[in-house]
Amino acid sequence: MPLTELQVKTLKPQQVRYAVSDGRGLALEVMPTGGASWRYRYQFKGKTEKVSLGKYPLVSLKAARSKRDELAKAVYEGISPAKQKQLEKFALANSTSLAAFSERYFKEVIERDRKDTRQLRRYLEKEIYPAFGSWALRDVTAQDVQRIVFKKRDNGFETAAAQLRNLLKRIFDYAIVCGVVTVNPTHATPMRFITRARPRTRTLSPDELKIYLQVLYRSNIRRQFKLTLHIILLTLVRKSELLHARWINVNLEVGEWVIPEAQSKTGKPHTVYLSTQVGKMFEELRQLAGDSELVLPGRGSLTKPFAANALNQAMGAMSFPIPPFTIHDLRRTGSTLLHEQGFPSDVVEKALNHTIGGVRGIYNRAEYADQRKAMLQSWADYISALNDQLHI
């Protein structure tokens, strides 16, 4: 019996995939996840072939039947719909440029999943498009990928090289899903050949923190970067949150800086309580910023912040006589030492702008403002005591 719209609407997922027939080769396959797709099965030259007609409800029952009838006519005329679809994919692969498909990927995936897309956009426009953006997607080889990735690596930017490779990998993965290509050329360039794996559990000891600040302030990097890398340690904020900070959100009189939801990783505004030490650093940054609305205006511009990797480059320009660490490790270090000093976990997590998980996260809506103020001032005093002889 043919299906009805009501039957289709009331179909429920089961533990395994199943199909319900509408007759004449048309069936709706229902997945355990709840998704459903139309399939058309037919006999062509003695063999069973199958083609997808689209997902329900984007393709309605009526539209699926119309497509089925159109393809049945093609079969009668000696044309294989499955073979025809393969030829169309091949033609698409030959005509679709890497730049055109990358823009599709950016719109359908990146912009949906990420708030801050500027760094990935910069990789596309500064690195990928100039190299082979106009090429057909299927013409990009493993050697082409290695050429731009290894160039970045060999110039001393291992992290950026890894991010560049991963962006290309995701673009080609999506192209395979969309049926535009069948091979991902980035698979021939494993990450181990691009950058050294670093432990994600690195914390600095108090002695290492003392060395960190000594090397930082004796280095030749920009004064803005010295203060920024110190502030990140004292406030526990993320690098991107400080790089995009604006003076309109900083109130030095009450000692508060609000990270708006657009810059906050949790998608919610986050208040950072400024210790006395951090307040003085912000006052100096205001002088260095001049008339800019940004706390950290980029070089030669009052309206644009520094690039996302600017601080990483500044870190790379310094030589620390301790095991390697990253800027993010400063947050982990602060969390570890504050827990060791006896501060409540929920207060530390709120200061880090983490979302508290589980049942505690559901019922605990406290912001711990007073506790966070006291904790961050105590933390700043502790760090200052490590370097009481250091002129900053």
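How many of the residues of strand E2 are buried? I began my notes with that point, keeping in mind that this is a predicted model.

**Entry 1: strand E2**

I looked up strand E2, residues 26-30, and found it mostly covered, with five of its five residues buried. I then asked which way the side chains point: Leu26, Leu28 and Val30 point one way from E2, whereas Ala27 and Glu29 point the other way, and all are buried. I noted alongside this that in a regular strand the side chains alternate between the two faces of the sheet.

**Entry 2: the sheet around E2**

I traced the partners of E2 next, and found an open sheet of four strands in the order E1-E2-E3-E4, with antiparallel pairing. Its edge strands are E1 and strand E4, residues 47-56, each of which pairs on one side only. Neighbouring strands of this sheet are turned by 30° against each other on average, if direction is ignored. I also checked what packs on this sheet, and helix H2 does so, touching E1, E2, E3 and E4, while the direction of H2 makes about 20° with that of E3.

On one side of E2 I followed strand E1, residues 18-23, which pairs with E2 in the antiparallel sense over five bridges. In this pairing Ser21 stands opposite Ala27 of E2, and Gly23 stands opposite Leu26 of E2. E1 and E2 form a hairpin with two residues between them, and Arg24 in the turn has a positive phi of about 55°.

I then turned to strand E3, residues 36-44, which pairs with E2 in the antiparallel sense, again over five bridges. Here Val30 stands opposite Ala36 of E3. The hairpin of E2 and E3 has five residues between the strands, and Gly34 takes a positive phi near 105° in it.

**Entry 3: Arg68 in H2**

Is Arg68 buried or exposed? I located Arg68 in helix H2, residues 61-76, and its relative accessibility is 5%; because the cut-off for buried is under 20%, Arg68 counts as buried. Leaving aside the neighbours within four places in sequence, I listed the contacts of Arg68 as Asp22, Gly23, Arg24, Leu26, Tyr40 and Leu53. Among these contacts is Arg24, the residue with positive phi in the turn between E1 and E2.

**Entry 4: Pro81 in H3**

I found Pro81 in helix H3, residues 81-95, and with 7% relative accessibility Pro81 also counts as buried, since this value falls under the 20% cut-off. Not counting residues up to four places away in sequence, Pro81 touches Tyr42, Val51, Leu71 and Val75. I also looked up a distance from here: the C-alpha atoms of Pro81 and Ile327, which lie 246 residues apart along the chain, are separated by 55 Å.

**Entry 5: helices H6 and H7**

I moved to helix H6, residues 142-154, and helix H7, residues 158-177, which pack at an angle of about 160° with their axes 7 Å apart. H6 and H7 are therefore roughly antiparallel to each other, as angles over 145 degrees count that way. H6 passes H7 in a right-handed crossing. On the H6 side the contact is made by Val145, Ile148, Val149, Lys152 and Arg153, and on the H7 side by Glu158, Ala160, Ala161, Leu164, Arg165 and Leu168. By class, this contact has seven nonpolar, no polar and four charged residues.

Strand E6, residues 256-259, pairs with E7 in the antiparallel sense over four bridges, and Ile259 stands opposite His270 in E7.

Note on methods: Residues numbered from 1 in each chain as written. Predicted model: local features only at pLDDT ≥ 70, side-chain atom pairs only at ≥ 80, totals over all residues. Heavy atoms only, no water. Pairing = 2+ DSSP bridges. Buried < 20%, exposed > 50% of the residue type's maximum accessible area, 1.4 Å probe, protein only. Contact = heavy atoms within 4.5 Å. Axes fitted to C-alpha atoms, helices over the stretch in contact; angles between N-to-C directions. Parallel < 35°, antiparallel > 145°, perpendicular 65-115°, else oblique. Left-handed = near helix turned anticlockwise from the far one by under 90°. Nonpolar A, V, L, I, M, F, W, Y, C, P; charged D, E, K, R; others polar.
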